[in-house]
Every structure is written in structure tokens, then in C-alpha cells.
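Please have the sequence and the coordinates open while reading.

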Amino acid sequence: MAYGLSIAYLQVHYASNLDRDILTQKWLVFIARFVVMFFLTGSVKIGGILFNNIASGDMSGALTGFMLILPYAIGRLCGPITSVLLTFCSFRLIGTIGGVLVGLGYVLIGLVASSPILHIMFSIIAGLGFACLLLPASLCLKEHFKDNYPAIMPLSMMGSYVGITILPPIMDLCRIAYGDSGTYIIYGALCWNLIPCGLLLCSPVSSREDQELKMVDESHDDIDDELTEGYEEEGYEEVEQREEGENLSHHSGTTTNSFVQSAYLNLKEYVLLFTNVWFCIFFVLGNLRKIPADGWTLFLIPNVIEQGFFSVQAATVASIGGFTGILGRVIAFYSFKVRLSPIFLYSVYYFVNGITFILMQGVPWLAQEYVPQFFGSAINGCLLSIQSGMTPGILVFIIESRYYKTAYGLLDFGNGVLTLVAGVVPGIFLDINGSFTFAFYLFGIISLFDGFLAMTLWILVRRRRMEN
């Protein structure tokens, strides 16, 4: 905590100097996004380590899974709200508040770990902190890297799998030495290093002077003929007067009217986005992938322990999945550089991942031997990492740049809902059958279905390009 706060002070003190160096600034934003993903995914892995301890009491597996994955889910669910807040507040302000909330939430969880209700309340605080960091970090990165964003985004998300690699063995030692409460408090203190990450989030120097005007203009661009007709019905004089009023309220940044207007415009964009067939397919695909991805992250360690292995061995299996996940981010980066269509490759990765999930549960000697578990985790970790890393970049291919913020916030919201499903459904299987086997079968089936959706999307995009 002291280290994080010290770095935060230095960043505030030297912020004006850093802002003048565009090259330094863009890579500092990259590092901030990397660290955010490290702690975000690490929070789910902490839940996997503590799952058996918490669920061993009177608490059901479904409730335990819900509690442990809640901070991560809230971070995704609040994407649309963060999108609206960014109309009034800077990346830096929202991100810094987020860093404070994440650390505070986990420290408070550690102090009341035995109370489910308080655990859920403080998990929401930590989740709101993640929400204040996720979308601003992504959008800030997009502003800095522009055309290279689809390729650079997977590399910034590599922090997720660095966290999966490093945190399981360390946090397992903390659990043994300090118990559940101590582990949460230590993790919360570490999360305060997100404060300087929030302070690093600022727009490029070249675009900062006209950023607010640009955001207002983008909000009022015609998405399609429906909006144009609406303007004609209202009358152009009234529209101009309304836009002037919105500009004034935007610069004040405090009026409720401006917030409601921005939310209304966002809602219009949400409705119109769902008239786009490509986006609808991708929305289903991009959300369903969270069930196997987050389910694997949270329940891999309990599942390996269920097969008869020790917790140290399970943590090692999880770590190898994190290590190959780092490699997966690099593969995701190059998937946008090769001559093959990134969307086609995206579908292939889903098919292979689904087959791996099913084989690892359907063949007994694969599930009950340490070496196959080791390699199964390596394959799943790599492929899940590729899918996650490519998702923001694929969105760029099917959505116009000016609507990216709205589409990304909407996708984040759906991700939050499906993340909760990923935490609860395997717990229900555990409560009913006493095993995670059926949950991992489900992960495989969903991955195969996502593969078909991605292939369908590739065919539609390819056909449109051929027609043009």
C-alpha cells in the first residue's frame, strides 16, 4: 500500500512533465491497463484458492461462487454507467477513484470474511472500483494507439494471465499462513497499487484541447435515418438550441439534465446497435464466452483438487494455464497481423478449446492423471487467453469507431451478467451432483457453440466484402 501511494504521489507531482512526452505517455497507459487486468483476473483466482475453505461450512456452492466472482462481475456490469460518467469526468479521475475502491473493498472483505451479507456488500465496492478502471483504461488505450489498437489490446490484457501465473502459489501460501481473512487483507493492500494506474490514464496531448467538443459531436452524429427523421420532425432550430444547451451543461459537468440527456443518447445507440445483425451475433458470442472463461478461472483449482490432487499441485496446474495464457496474448496479437481473417481464426480457437474441455472430463485417465491435467490447463489457458485478447479487436471490425465506446460498455454489461452465471452454475452442479464434471462439460459445449457463431459471423462479413 505504501509503495502504491508513493508512486501515486510521484505521478501527480510529475504529471505535467509526463503529459508532454507522447511516447512515454502511451506506454504508461499500456502498463496501467496491464496492471488493471493483473488484479482483475487475479481476484477471480483468489476466489478459486479460497473456494473449498468457504464452501466447506454451511454455505452452498452456488452462493460461494456468486460471492467470489461478484467483484469481477460488477466491474463488467457497470460498464454502461461508466460510459456515461466519462462524458463528464476524465479517465484519470474515475480511474483513481476506482483504485481506491478496489483496495478498500478487499480489505473490508478480509475484516468480515465470515459474514456472507457483508462479504457481498464489500464485494460490490471492489467491483465498482474495477468498473471505474476497466472501461477508462480500454478507451484511453484506444485513443493513444488508434489504428494499432486491435493488435495492442491483447498485449495489454496479458496482465490477466500474468496474474493467473503468479498469484495462485503466492496466495495459497498466504492462505496457509494467515487464513482467508489475512489473504483478503493482503490482496486488498496490493490492489491499492491500482491508484497510480488510474493516475496514468489521460488522453493524448494532441487531442486533449478538443476532446470535450469531439465527445459532444459524436453523441449527436446521425447513426441512421431514424435519427435524421427525428431531427426533421423536431425542427433544426430546436435541435440547435438543444445542442447548445447540452454543450453548456457538458462543460459545467454538474447538471442532472446533462446526465439524463447523455444517458438518453446512449440508450438510443443501444437500441440502434441491436439492429445490426453482425453486432447481435457478436454480442451473444462475446458474452457466452465468459461462462467457460470465468468458470475455468474460478473453478479450475477446486476441480483439480476434486480429482484427488493436493492444493499445491492444483495451484501449479492453474499457474501453467496462466503461463500459456501469456503466450496466448502474443498469438492474439499476431492473429491480427497474418493474412488469414482474424474472425476465422477466432472461430477455430473456440472449436479447439471446446474439444479440449470435453476430452479432459470425458476420458477418465486424462482427468485423474497429473500430467494430462497439466497439459489440459495449458491448452485451455492459452486458447481462453487468445479469445479474450481478440474480442475487443474483433469489435473494431464490425462497429464504426464513433460507436465503439457505447458498444464496448454494452458488451461489458453483458459480460458481467454472464460472469455471475459462470460463478453460480458450477456451484449449483456441485450442490446437486457433488462434482464440477458437468460444469466443465458445459464449458466445452458453449465453446463449440461460440465457434459456430464466430464462423457464421466470418461468413457474413466475407460475403459483404465480396458484394462490395
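A cavity is a set of points, on a 1 Å grid over the protein atoms alone, where a 1.4 Å probe fits but cannot get out; lining residues have an atom within 4 Å of a point. Grid points are joined across faces, edges and corners, and a volume is the space filled by probe spheres set on the points. The model is predicted: local features need pLDDT of at least 70, side-chain atom pairs count only at pLDDT 80 or more, and totals for chains, interfaces and linings use all residues. Residues are numbered from 1 along each chain as its sequence is written, and side-chain values use heavy atoms, with hydrogens and water left out. The structure holds five cavities of 30 Å³ or more.

**Largest cavity**

- The largest cavity contains about 140 Å³ of space.
- Its lining comprises 15 residues, and Thr41, Tyr72, Tyr161, Asp294 and Ser388 lie nearest the centre.
- At least two lining residues come from each of α2 (22-55), α3 (61-77), α8 (158-191), α16 (290-306) and α20 (370-398), where helices are DSSP runs (H or I, at least four residues) numbered from the N terminus.
- With four residues, α16 gives the most to this lining.
- The lining has six nonpolar, four polar and five charged residues (Ala, Val, Leu, Ile, Met, Phe, Trp, Tyr, Cys and Pro count as nonpolar, Asp, Glu, Lys and Arg as charged, and the others, Gly among them, as polar).

**Second largest cavity**

- About 90 Å³ of space lies in the second largest cavity.
- Its lining residues include Arg33, Arg76, Arg289, Ser388 and Asp412.
- α2, α20 and α21 (404-433) are the elements that give two or more residues to this lining.
- The most, four residues, comes from α21.

**Salt bridges**

- There are three salt bridges, each a side-chain nitrogen of Lys or Arg within 4 Å of a carboxyl oxygen of Asp or Glu.
- Arg76 pairs with Asp412, with the closest N and O atoms 2.9 Å apart.
- Arg76 is in helix α3 and Asp412 in helix α21, so this pair ties together parts that are 336 residues apart in sequence.
- Arg76 is buried at 5% relative accessible area, and Asp412 is buried at 3% (buried means under 20% relative accessible area, with a 1.4 Å probe and protein chains only).
- Asp172 and Arg175 form a salt bridge at 2.9 Å, N to O; both lie in helix α8, three residues apart, about one turn of the helix.
- Asp294 forms a salt bridge with Lys290, at 3.4 Å between the closest N and O atoms; both lie in helix α16, four residues apart.
- Asp294 is buried, with a relative accessible area of 4%, and Lys290 is buried at 2%.

Key:
1 Å grid on protein atoms, 1.4 Å probe; cavity = no way out; pocket = protein on both sides within 12 Å on 5 of 7 lines; lining within 4 Å. Buried < 20%, exposed > 50% of the residue type's maximum accessible area, 1.4 Å probe, protein only.
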